[in-house]
Amino acid sequence: MRLSVCLGVLSAVLLPTLASAADPSKLSGIGDSISQGWGANNFPGEHPELGFGQGTDATVNSLYLRYKAKNAAMTKQFVSVSGAEMVGGRDNAAGQAARICAMTAKPNRVVIELGGNDVCSRDKGTTSDATANLYSVTTYRNALKSALDLLAGCLPTGSQVQVLSMPRVDYLYNAGNAKNVITCNLVWSIAGVCRVVTGESNATRRAAIGARIDQYNDGLRAEVEAAAARYAGTVSFITDWRGSAVSNSSVGTYKFGKDDIDSFDCFHPAKDTGQRKLACAAWEAAEYGTLSNVPACLK
Amino acid sequence: MKTQLLSFVVLALPWLASCNGADLASGATVSEREVSALAVAEPGAKATEYSARSATLRLFGTQGEGAAAFATLADTATWDTSNVRVGETMGRSLKLSAVRESAIEIVDTTTNSRRTVRAGEDLTVRVIEHEFDRAARETGEHVFHISASSLTRVASRYGIGTTCESVELATYTPCKLTAVAKNSLAARVGLQAGDLLISADGVTVTPDNLGAILRGLGESRSQSVQLTLARGGVFFPRVYLVE
């Protein structure tokens, strides 16, 4: 009894000093409208409190809340921007990474969720090739590599960067059609939601776009593994992607259902379902989780 | 052999010059001789309306075939990334002359020098821009910095460049841009065909007031204008900060 009391006192004194720089203390996020919780409560607009990464809503049980349960002093500062791409524009992965590097207090956990707009913001392909206007896998990989190199160069030693695979937008299209084929197609047409897929009536051509997304995710994993090797001992890089063979084994293979998406634009994860599942999958694919639990998250 | 040597010297000159400390990318002023050799000159513009800056461009990659092929280039200072097709320019003097698998060729029309860049590689260049090219600069997170006086001149020369029609979207009645003319004021402030304009500083955008709202960006009556728009289904506020 006396020994355990002594050990308890000793732990209380020593533990704060033993806390490693690698222990999670601040979470940042690079992402798009999904990270911003766009439409997650069925109202148009950003709802970051409902985002899978930075959310504070108990139903979503975001990555931030899960880290905070481990460390009450955990903070967050996301730089995600609705409409952002991995590759293009001013808010791409490297642009957002540069904003993280400019922070006075650097995070030591970063989650990256991008890719949907890289497909959805492209023009429709040619008659012979639905993917003609999509970025090449090389382009996608080099854009991600630039961001990972920036983060590796500025994050504290012991930091961890998680790169989530990108969702299959053709699965979101299927989910919308299952939800309400008339209203979803109407809003997609008026608002111009991912027309490269939602305006494509040929299932084979939509599948070709989905296959390109699988290739992006294969490239994403290759870049993550290369960065992990390049920066071993300083910053770790992880991803949930384990290939396209098994459905629901990662965010990129998850077949969104009608209840997973919002009812305004039929294309964004809803808070109680899609966002909550993403949060669970991201958590299980990271340091405190178990990768084999990801499919259970996505049920 | 002589021809080969001459070709090497001509092609290597820019690189040799940069190795010699004469940084090709430096020099903010633009000469009349350079203006006369620009790939895309602004009609009637004097040399003083142009400026040059150094930029390091990274080729992320190439895609597509034939006339549809395009290159994706990032400016590593800002990570602003653009898709460029053969024949199109970066600034006024750099023309994309060829797109190959994972490589491109760029011509600087003021020096007639050609440079080849491979995917993942960086290239330092001198970019010449006209005042109109900098009339509205996107700095990320849906923020644009605009020069009111430059935008007024853009509008005077190229017009507003767009119209819109009201559409119904749930409880909203946004104004959908039908087309956006190249070089116009609408194009300069980053608007695209299909954008749904919802409001400007709280005022609903309609086909009747669109022109006045966009022209107002060049009249700098306030320090900032917030335009709420939807693109690709996502609504977001865009802020124009007037300089």
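Two strands are taken to pair if DSSP finds at least two bridges between them. In this predicted model, strand E1 (residues 50-63) and strand E2 (residues 70-75) of chain B are joined by six bridges, and the two run antiparallel.

Four strands of chain B, in the order E3-E2-E1-E8, make up an open sheet with antiparallel pairing. Its edges are formed by strand E3 (81-85) and strand E8 (122-130) of chain B, each of which pairs on one side only. On average, neighbouring strands of this sheet are turned by 45° against each other, direction ignored.

The other chain also comes into the picture here.

Chain B holds five helices and 16 strands. Of the 243 residues in chain B, 45% are buried, and the chain exposes about 11,900 Å², with carbon and sulfur atoms supplying 51% of that area. Turning to contacts within chain B, among those between residues at least 6 apart in sequence, 49% join residues at least 24 apart.

Notes: Residues are numbered from 1 along each chain as its sequence is written. Chains are lettered from A and ligands numbered from 1 in the order in which they are written. This is a predicted model: local features need pLDDT of at least 70, side-chain atom pairs count only at pLDDT 80 or more; totals for chains, interfaces and linings use all residues. Side-chain values use heavy atoms; hydrogens and water are left out. Axes are lines fitted to C-alpha atoms, for helices over the stretch in contact, and angles run from 0 to 180 degrees between N-to-C directions. Buried means under 20% relative accessible area, exposed over 50%, partly exposed in between (1.4 Å probe, protein chains only). Contact means heavy atoms within 4.5 Å. Accessible areas come from the Shrake-Rupley method with a 1.4 Å probe; for residues, only the protein chains shown count as cover.
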